[in-house]
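Thanks for coming. I will go through one structure this morning, starting from the overall fold and ending with a few single residues.

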Amino acid sequence: MAIFANEAAMQMWMAEQLENVDGFGELVESSDVPEPKSIEEGYITKSYEFCLDALNFNIVISANENISLDPGDILKPDFLLYSSESEAVVVVELKNQSGPTRQAGTELGAYTAEIKQYLPFIAGSDVISIVVSPDWPVLLRHYIFNEIVWGNKRVVCLRPIQRDDQIKLELVPPEELIEGNLSVLLSDE
């Protein structure tokens, strides 16, 4: 059974939680990133650690509000945060259905591009992406792998879980993101 009835319910839960914590990291059950068992997992682990270090003290900039500079466009990240410790912008993308998770990559790319319109000299490592989804289908896993490994982007992947009466977020294990034999090595062929 799903924890949230829909994405709006997930967003409402997260908005309430963010009002009562100093940083997004307090919503994560454990920030212990497992030791990598492969080169690929090492890239993901490094990204997770970087992101988690930026989630201790955060300020909510916007929640489901249009950030587009062009009045004709609508770009509404689920949450836009500022990390006062790392001076990074944090984009939070929520997905609560397995089908639309493939849209997360397009949306994150558009939000990052718009942030760079506001802050044209911001470094790529100063934009952190958080993807929260109960489902991690192949297109989303491949997108995240590409962004972290080949694009050197900072992304952390989380899954909502329920422990007793509390909802928390857990890290999606790096090995789960590389299912399907994704590799950074060149094929002999």
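Predicted model: local features only at pLDDT ≥ 70, side-chain atom pairs only at ≥ 80, totals over all residues.

Let me begin with one residue. Leaving out residues up to four places away in sequence, Glu41 touches Glu35, Pro36, Pro174, Glu175 and Ile178. Glu41 sits in helix H2, which covers residues 39–53. Is Glu41 buried or exposed? Glu41 counts as buried, because its relative accessibility is 7% and the cut-off for buried is under 20%.

Now the whole chain. The protein chain has five helices and six strands. Read from the N terminus, the order of elements is α-α-β-β-β-α-β-α-β-β-α. For 189 residues, a compact globule would have a radius of gyration near 16 Å, and the protein chain agrees with that at 16 Å. Along the principal axes, the C-alpha atoms fill a box of roughly 50 × 45 × 35 Å. Of the 189 residues, 44% count as buried. If we take contacts between residues at least 6 apart in sequence, 65% of them join residues at least 24 apart.

The accessible surface of the protein chain is about 10100 Å², and carbon and sulfur atoms account for 49% of that. There are 12 positive and 32 negative side chains. The centres of those two sets lie 4 Å apart.

Next, the interior. In soluble globular proteins, nonpolar side chains tend to be buried together. Here, the largest nonpolar core holds 52 residues, and Met14 and Phe24 touch the most other members. Strand E3, residues 88–94, gives this core its largest share, six residues. Which residues is Met14 in contact with, leaving aside its neighbours within four places in sequence? They are Phe24, Leu27, Phe79, Val92, Leu94, Val132 and Leu169.

Glu147 is found in helix H4, residues 138–150. Glu147 counts as buried because its relative accessible area is 14%. Neighbours within four places in sequence aside, Glu147 is in contact with Asn152, Lys153 and Val155.

Now the loops, starting with backbone angles. Asn64 is not a glycine, yet it has a positive phi of about 55°. Asn64 lies in the loop between strand E1 (58–63) and strand E2 (79–83), and at 35% relative accessibility Asn64 counts as partly exposed. Asp164, also a residue other than glycine, has a positive phi near 60°. Where is Asp164 found? Its place is the loop between strand E5 (154–163) and strand E6 (166–171). Asp164 is exposed, with a relative accessible area of 75%.

Leu119 is placed in the loop between helix H3 (103–118) and strand E4 (127–132). With a relative accessibility of 41%, Leu119 counts as partly exposed. The C-alpha atoms of Leu119 and Gln162 are separated by 37 Å, and the two residues are 43 apart along the chain.

Note on methods: Residues numbered from 1 in each chain as written. Heavy atoms only, no water. Helix = DSSP H or I, 4+ residues; strand = E, 2+ residues; numbered from the N terminus. Rg over C-alpha atoms; globule rule 2.2 N^0.38 Å. Buried < 20%, exposed > 50% of the residue type's maximum accessible area, 1.4 Å probe, protein only. Contact = heavy atoms within 4.5 Å. Areas by Shrake-Rupley, 256 points an atom, 1.4 Å probe, with all protein chains shown as cover. Lys, Arg positive; Asp, Glu negative; His and termini not counted. Charge placed at Lys NZ, Arg CZ, Asp CG, Glu CD. Core = buried A, V, L, I, M, F, W, Y, C linked by side-chain atoms within 4.5 Å.
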